[in-house]
Amino acid sequence: MDKSKRPFLKFKRSFRRRLPLIQSGDRIDYRNMSLISRFISEQGKILSGRVNRLTLKQQRLITLAIKQARILSLLPFLNNEKQFERTESTARTTGFKARNKQA
């Protein structure tokens with residue numbers, strides 16, 4: 001049979017069905033920090049539903065729980081640990097110090 005006359009064959013992909021991250025017994029609540037922390041990135045951002053593999057309803061509940069926990073100061077709004085680390089002074093500040101010493 002010629003390639004051009006062959007009917008379109010759909011290839012089957014094998015995929016492994018992953019277990020859901022939220023079991024039926026888990027309560028989506030702002031106090032459940034072990035559950036909420038799984039859906040936050042290292043920067044403190046809420047991960048998308050596609051990344052989390054959650055249903056739309058579960059994603060909405062997780063988002064509300066994270067926002068409530070942030071308002072109640074159970075979670076930080078931002079997680080910028082690198083921002084507060086002390087690094088060596090930059091060239092701009094070292095040049096400024098050198099000029100002050102000359103004057």
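Reader: Hi! Is Arg 53 buried, partly exposed or exposed?
Author: Arg 53 counts as partly exposed, because its relative accessibility is 40%. Buried means under 20% relative accessible area, exposed means over 50%, and partly exposed is in between (1.4 Å probe, protein chains only). This is a predicted model: local features need pLDDT of at least 70, side-chain atom pairs count only at pLDDT 80 or more, and totals for chains, interfaces and linings use all residues. Residues are numbered from 1 along each chain as its sequence is written, and side-chain values use heavy atoms, with hydrogens and water left out.

Reader: New topic: how many salt bridges does the structure hold?
Author: The structure holds one. The side chains of Arg 31 and Asp 29 form it, at 2.7 Å from N to O. A salt bridge puts a side-chain nitrogen of Lys or Arg within 4 Å of a carboxyl oxygen of Asp or Glu.

Reader: Why does Asp 29 count as buried?
Author: Because its relative accessibility is 15%. Arg 31, at 58%, counts as exposed.

Reader: And what about Asn 52, which residues is it in contact with?
Author: Leaving aside neighbours within four places in sequence, Asn 52 is in contact with Leu 21, Phe 39, Leu 47 and Gln 59. Contact means heavy atoms within 4.5 Å. Asn 52 counts as buried, at 2% relative accessibility.
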